[in-house]
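Hi,

Here is the structure I promised to pass on. Have a look at it first, and then read on for what turned up.

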Amino acid sequence: MKKKTYNLDELLNGSFQGPGRQEIRSVSYDSREIEAGDAFICIKGDHHDGHFYIKQAIEAGARTVVGTDHKMLDLFAAEHPQLSFILVKDSRSALAVLSSIVCGSPSESLHTIGVTGTNGKTTVATFTHSILNSLSFRTGSLGTAGIWDDREKRDFKQTVPTTPEAPDIHKVLEYFCEKKMQAAVIESTSIALEQKRLETIHFNVAIHTNLTPEHLEFHQTMDAYKKAKMKLFKQADQAVINADDPLMADDLIHTFKGPAITYGIRQPADLQASHIHTTRTGTTFELDAFGTKYMVQAPVFGEYNVSNLLAAMAACHQVGFSMASILSVISHIRKPEGRFQMVDKDVPYQLILDYAHTPDALAHVLESVKQIPHRKLIVMITGIGLRDPKKRPLMAKAVESVADEVIVSVDQPGHADRQEVVNDVCRGFKQPSSPHIHTRLHREEGIHLALDLARTGDVVLLTGIGFGGYQIIGDEKVPYSELQVIDSYYENQSLVIKPV
Ligand SMILES: CC(=O)N[C@H]1[C@@H](OP(=O)(O)OP(=O)(O)OC[C@H]2O[C@@H](n3ccc(=O)[nH]c3=O)[C@H](O)[C@@H]2O)O[C@H](CO)[C@@H](O)[C@@H]1O[C@H](C)C(=O)N[C@@H](C)C(=O)N[C@H](CCC(=O)O)C(=O)O
Ligand SMILES: Nc1ncnc2c1ncn2[C@@H]1O[C@H](COP(=O)(O)OP(=O)(O)OP(=O)(O)O)[C@@H](O)[C@H]1O
């Protein structure tokens, strides 16, 4: 990594001690990652206060230290006159600013498209990425599905589930610039927006999917959650708004100042889908785009994925492509892994994986799966140890009257007690003692049971966070692959067709 020397007072507002000019190689918020010539930004977190790690950061080679605690900065500034110390009002904001500058402000050279909303971010980001690349507009993407350049997933370390911390975002954007990408699609979570990870990025397009309760363990109220998502639109030139979303659409339509495209299925919108039919290979629908009608055939399943597709099409239109050219590449659009993913196995039942881990997402995917002709519908749902416990019983409520067999299990337990998580989910059932409700404390066991129960003509839907590549158990990220669990089940079974 190249070192550059900066006039620090041109980078940040604050009080300065030590040399006014300093070399900065890279920026980090974690003393354990510091290398010689880095700037260390002290963040006060839930478990630690970064100011207590200044000593370690300096020992590892930090030359610039930024923080909000003047006593701590004064103390170290007196001991290390050759190093620079900057007292700022907001460390996270300083982290975003410095990270961008040190990487050469890469977002300014890219078309940036931010996607926010409770459900559908990864899907909309993947669709947008796929359409733009199919139109030879070289586009990268960042989010839950990892870091992609225009062709493939790249091996960047992912420390946060969806939207990376500011230094990592700008390193990826810098890499995109080096690789001559023209655009970047960035999944923009409410937590990232609240923690200012995206603060310095001025988005060309901001996409809204929907708002339903989620992350209340972090935001506390729906109002705070909505406000965090609204921030994305304050830093965007153009907006794509889901007219069907009752909780956020009106606010956006009334407050967004720049050009906006609305999309919807139920409410009138600039891009409107109607006459939606599921086929064996996907979905057909009529699209009314700014008054012109088109028949669309897309390899996606579920009404909500039509909505996701409209969002991506609207964003690509705002980037500058005509509807006709966008529609010309829809037939081979790339879909994200683990979202309504039909697993191709030589078995007499249909196996589907879906990332639904909110009650709203679960209700939507169940609605779509029901359309597939079946004998019995077997569904695995999960409670997430790491997230809002209030959500858990709502998962049971969403599935109870829809599925014939339900298996309740646990995802990302963290430090939560697995039995407690399962009990919380089961509290949402009207008849928790039904013989058709089963519980398993480990996701692998839940999958095995679902497959054991499956008979000819059934549909098995496995939902939850099975696709992140890991499960967080205690503080540890334990590698986990849903497809491997499924493969090993079949390897240990003789594939005898079970009687109905
Ligand atoms: C709940 C939350 O917001 N956690 C974030 C928070 O962690 P924390 O408060 O526990 O940090 P901490 O351990 O107290 O440490 C405070 C500071 O001291 C530093 N430190 C600590 C120890 C040490 O030896 N040296 C040192 O420098 C830490 O690096 C940190 O900067 O501050 C860290 C540093 O900024 C974040 O990386 C971390 O995100 C973690 C990884 C995370 O998983 N966040 C999730 C909740 C998240 O952001 N999720 C969203 C949404 C996902 C979705 O919608 O699906 C996302 O965008 O991914
Ligand atoms: N527009 C939508 N409305 C409601 N539910 C949706 C929508 N799009 C996707 N879903 C459901 O949400 C699940 C997660 O989809 P996706 O990964 O695209 O969302 P996300 O917002 O990126 O979630 P996360 O941040 O947790 O990755 C899907 O598997 C599906 O069940």
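To start with, how many cavities of 30 Å³ or more does the structure hold? There are 2 of them. Do keep in mind as you read that this is a predicted model.

**The cavities**

If you want to find the spot by its elements, look for α4 (121–134), β9 (139–143) and β10 (146–148), each of which supplies at least two of the lining residues. By class, that lining has 4 nonpolar, 5 polar and 2 charged residues.

The second largest cavity has a volume of about 50 Å³. Around it you will find His357, Thr382, Gly383, Ile384, Arg387, Asp388, Lys391, Arg392 and Met395. Two or more of these residues come from β21 (377–384), and two or more from α13 (392–400). The biggest share belongs to β21, with 3 residues. Here the lining splits into 2 nonpolar, 3 polar and 4 charged residues.

Now turn to α2 (residues 70–79). Which of its residues are buried? They are Met72, Leu73, Phe76 and Ala77. Down the axis of α2, these buried residues span an arc within 130°, so they too line one face of their helix. On the other side of α2, Lys71, Ala78 and Glu79 are exposed. The buried residues of α2 pack against β2 (15–17), α1 (54–59), β6 (64–67) and β7 (84–87).

**A leucine in a loop**

You will find it in the loop between β13 (203–208) and α7 (216–219). Is leucine 211 buried or exposed? With a relative accessible area of 3%, leucine 211 is buried, because the cut-off for that is under 20%. Setting aside neighbours within four places in sequence, leucine 211 is in contact with Thr118, Met222, Tyr225, Lys226, Lys229, Asp245, Leu247 and Met248. Take threonine 118 from that list: it sits 93 residues from leucine 211 along the chain, yet their C-alpha atoms are separated by 5.2 Å.

**The chain as a whole**

Stepping back, the chain has 16 helices and 26 strands. Its radius of gyration is 24 Å, close to the 23 Å that the globule rule gives for 500 residues, so the chain is as compact as a globular protein of that length. Along the principal axes, the C-alpha atoms fill a box of roughly 80 × 55 × 40 Å. Of the 500 residues, 57% count as buried. Among contacts between residues at least 6 apart in sequence, 65% join residues at least 24 apart.

Happy browsing!

Note on methods: Residues numbered from 1 in each chain as written. Chains lettered and ligands numbered in written order. Predicted model: local features only at pLDDT ≥ 70, side-chain atom pairs only at ≥ 80, totals over all residues. Heavy atoms only, no water. 1 Å grid on protein atoms, 1.4 Å probe; cavity = no way out; pocket = protein on both sides within 12 Å on 5 of 7 lines; lining within 4 Å. Points joined across faces, edges and corners; volume = space filled by probe spheres on them. Helix = DSSP H or I, 4+ residues; strand = E, 2+ residues; numbered from the N terminus. Nonpolar A, V, L, I, M, F, W, Y, C, P; charged D, E, K, R; others polar. Rg over C-alpha atoms; globule rule 2.2 N^0.38 Å. Buried < 20%, exposed > 50% of the residue type's maximum accessible area, 1.4 Å probe, protein only. Contact = heavy atoms within 4.5 Å. Arc of directions from axis to C-beta.
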